[in-house]
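Please look over the sequence and the structure shown below, and then read the report that follows, which takes up selected parts of the three-dimensional arrangement in turn.

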Amino acid sequence: MSKPPQSPLRQRATGFWQPELIGIVILIAAMYLMPSVLVDDFLISKYSRYLVFGLLAMALSLSWGYGGILNLGQALPFGLGSYCMAMALKLRTIPVQTGADGLPDFMVWNNVQQLPWFWVPFYSMTFAIVAGIVVPSALMGGLGWFMFRGRVTGVFVAITTLAMLVVVNLLIIDQQQYTGGFNGITDLAQLTIGGIVFDAYNRTTFYLIASVASVVLVFGYVLSCTKFGLILQAIRDQEGRVQYFGYDVASYKITVMAISAAIAGLAGMLYTIVMEFASPTFLNVPLSLSVVIWCAVGGRGSLPGAFVGAVLVTGMQGALSESKTFLDTWTLVMGVLFVLVVLFLPSGLAGLIGQLLAKIRPGDGHGQNGTVDVKSSHPKEIA
Amino acid sequence: MHFVLEQVLTGLSIGSILLLVALGLSIIYGTIGVINLAHGEFIMLGAYAAWALKTYVGLSLLPGLVLIFLGVGLFGWLVERILLRRLYRRPLDTILATWGVGVVLQQVVRLTAGGDLRYVELPPSMASSVSIFGVEIAAYRIFIFVVAALLFLVSWSIMNRTTFGLKLRAVVQDRNVASCFGINADRIYSLTFAYGAGLAGLAGAIVSPLKSVSPEMGTGYVVDAFMVVVLGGVQSLFGTVISAFALGEVTGVIAFLQNDTIAKATVLILIISVIRFRPQGLFVAKVRA
Amino acid sequence: MSTHLVVRDLAVSFNGFMAVNGLDLTINKGELRCLIGPNGAGKTTCLDLICGKVKPTAGSVVFDGKHLETLEEYMIARSGVGRKFQVPSVFRELTVRQNLEVAYCRKPGVWTNLMRGPQNDDTAGLEDLCGFVDLIDQMEAPAAYLSHGQTQWLEIALLMAQNAELILMDEPTAGMTVQETRKTAEIFNRLKGRHTLIVVEHDMGFVKEIGDSISVMHQGKLLAEGSVRDIETNPLVREAYLGSGGFGHA
């Protein structure tokens, strides 16, 4: 009966200085040290992109690793965030690239006479930034409300989120007079806030991304330490049981979906800044499923784990992308690796590190806060 | 009248392809409960097998079908044995694992057969068309309709009229109890999965002359197949048939009235709503509370 | 004693099969009522109906003057109904302490729980509880490492942490050793009076040890009600049990 669970890292004691937090601190330090190792600005820009993906994977780890919600449409809030930023930056491009009255070029090509109403507020950068977080969050929260109030669970959540992603993707491609269609929104201005220009190939952009990532990682950690985080884990474990203690399970799941989407939207905005365009490929199925891979490889139950997973996988991909054969082979290796991780390492690299750490210090029963170490103070079976 | 008939026949034709493509997925999902995201790649394998048999061995499509069914079935059997077996306790992870298998298969095909489009010839005997009440329809489409109907009947009989089917239904009801009565549940599952995979391969081979064959072709099919299964209701082969043809007609009409994009989006919204409001499927009476 | 729970004409149909059919039950505050009956009598379904897991097709469940039959599960739980399931269901990946913290639910809202740490105000109380069910040494261990008996204990402790006024227990002693069963009886006698309990049980020995009053269900209906003596001598009950293979001494 008492079979030990597969992923020791997923239970955590209640002390504050957990391996998870130590991981986050190391990760943040590594992020800021990176520019002193990478001298080339081009490399730094590439590296910033991977950090954005890290943020995206971390957002998924909140809803999937903690809440047990397998959201296959994680690219949807990401893409929406990126479009919000792109719309604002498009309206700021110098007049040469836009049509009469500041109408974006692609609208002119599509015979649009007047700026559509939903574009107008994006003249304000503040509005755009708020929208880039709120719109994705509201949409995913709404989708969560639709699913979880109707008690859609398990694989059907995966299908619904994936289908929703495809619907929005199709619509964005279809409505090209408003969205730029297949080409997306290109030729953007550079983001300027308080006189600081965030050039994609400049360290300011890198520091912006690294700082946002650090803040969000700490935020995610604090969130996971609240009672809300604990209840989420209980829901992941035994969803049916939690409601009999009086918790409204659906609203917990809706909330975590919305929070995760807000972070994804934020990541999407940063991605537009570093890529200098927005495209329907930012919210397509391959990207969305890739996020799941990153998360699984790094460790879905660990926020820094998922983050590092994304950076490692996309980093490798980027390094090999010079040659088509390399990239194809890499995708193959990735597929095999992913299957192996799902099979043998359900808690990912983070879980592996956790197991190794537990082996290294088996006698150390007490954590820094005097809490008893879950893994070592008890025999595997107390039957 | 002529126009209506034309629409109906188009719908039937789309529907029979859908049924062909969905049958394997429906059987696997309805019994083992695994959402096989590699289903589309099994279809793709079938199509490539048809192309390879013709190109390298000179075997034409129709006699090759048996080989393709057995080959892809064997492959499915291996996937079940090596992989899925370990994941039955973690249903969400089977989605991930089968999707990973799909990625691997796509890449293997891309690296070996190349990423270019391939074409499979229509069997010469079926290149003609037939006139039904004045509406011309390709003979091959009628062939697909007949094959889909036959495969459905065979599958239904296997499930409901053979000892194997009886054992399978017992395992689906309660795996442990069935095992206690001496049924080898492992073997039943592997065989069922292999059968479903074989059907997918067969579907791929049969539709290959109509569409171009590429490593990515499976993605579209798995979505279609999934729609059919969700609409029809899990564990109901009859539901699968009705929903395949219903979807075929609906897609035909919407695509005629609107553009393809809107048709696709509408169908997806329909699926989302069905999952939400009628999780047991459109064509199944509610079974248990 | 005031009435606490009133069940009237309760019925549910599963695809035409009436699992519970016109059930009436009245339970007083602080009472411990044992619910017995042959297999398939509808006992578990009756608990499911009260806690909202299954919605009735007809009839009413009134608890503390409040109608429960239309409420969602979590609302029923908030009005003071706790449930222990037949198959022990605890949070296996969480530690015993975390399990109890989840169960200790005074403020169930999302917003309040976003704003507070996982520790509850009553940490000492939870430790007392652990001591009471002999799990104090396992407090920081994941529940997955507990033995079957210990898991049952943990679930009982969860209900005590939840501090539900009405506790529904489905076969709490299933799979327990004699000593464990005795200890469970002790706990129940302690709970009696402070909580209202409905206990579904097969073990007549256990029922005799804890029960003041017994309700016997048969074919979805109430067959008899009374003290242990009344029930044991009731010819109707005898017949019902003999019809399905005799008294179920565990």
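## The mixed sheet of chain C

In this predicted model, chain C contains an open sheet built from six strands, which follow one another in the order β6-β7-β8-β3-β9-β10 and pair in a mixed manner. The edges are formed by β6 (81-84) and β10 (221-226) of chain C, each of which pairs on one side only. On average, and with direction ignored, neighbouring strands of this sheet are turned by 20 degrees against each other.

Within this sheet, strand β3 (residues 32-36) of chain C pairs with strand β9 (residues 213-218) of chain C in the parallel sense, over four bridges. Cys34(C) has Ile214(C) in β9(C) as its bridge partner. Helix α1 (residues 43-51) of chain C lies across β3, β6, β7 (166-170), β8 (196-200) and β9 of chain C, and runs at about 150 degrees to β7(C).

## Overall build of chains A and B

The secondary structure of chain A consists of 15 helices and two strands. Of its 383 residues, 51% count as buried, and among contacts in chain A between residues at least 6 apart in sequence, 78% join residues at least 24 apart.

Chain B has eleven helices and two strands, and from the N terminus on its elements run α-α-α-α-β-β-α-α-α-α-α-α-α. Its radius of gyration is 19 Å, close to the 19 Å that the globule rule gives for 289 residues, so chain B is as compact as a globular protein of that length. The C-alpha trace of chain B spans about 60 × 50 × 35 Å along its principal axes. Of the 289 residues of chain B, 47% count as buried, while 77% of the contacts between residues at least 6 apart in sequence join residues at least 24 apart.

Leu70(B) is found in helix α3 (residues 61-82) of chain B, and it counts as partly exposed because it has 14 C-beta neighbours inside 10 Å, a count that lies between the limit of 12 or fewer for exposed residues and that of 20 or more for buried ones. Leu70(B) and Gly58(B) are twelve residues apart in sequence, and their C-alpha atoms are 18 Å apart in space.

Further along chain B, the axes of helix α9 (residues 217-232) and helix α10 (residues 237-257) come within 8 Å and cross at roughly 120 degrees, which makes α9(B) oblique to α10(B). The crossing of these two helices, α9(B) and α10(B), is right-handed. On the side of α9(B) the contact is made by Met227(B), Val228(B), Val229(B), Leu231(B) and Gly232(B), and α10(B) contributes Gly239(B), Thr240(B), Ile242(B), Ser243(B), Ala244(B) and Leu247(B).

Technical notes: Residues are numbered from 1 along each chain as its sequence is written. Chains are lettered from A and ligands numbered from 1 in the order in which they are written. This is a predicted model: local features need pLDDT of at least 70, side-chain atom pairs count only at pLDDT 80 or more; totals for chains, interfaces and linings use all residues. Two strands pair if DSSP finds at least two bridges between them. Axes are lines fitted to C-alpha atoms, for helices over the stretch in contact, and angles run from 0 to 180 degrees between N-to-C directions. Two residues are in contact if their C-beta atoms, placed from the backbone, lie within 7 Å. The radius of gyration is taken over C-alpha atoms; the globule rule is 2.2 Å times the number of residues to the power 0.38. Angles under 35 degrees count as roughly parallel, over 145 as roughly antiparallel, 65 to 115 as roughly perpendicular and the rest as oblique. A crossing is left-handed if the near helix is turned anticlockwise from the far one by less than a right angle, and right-handed if clockwise.
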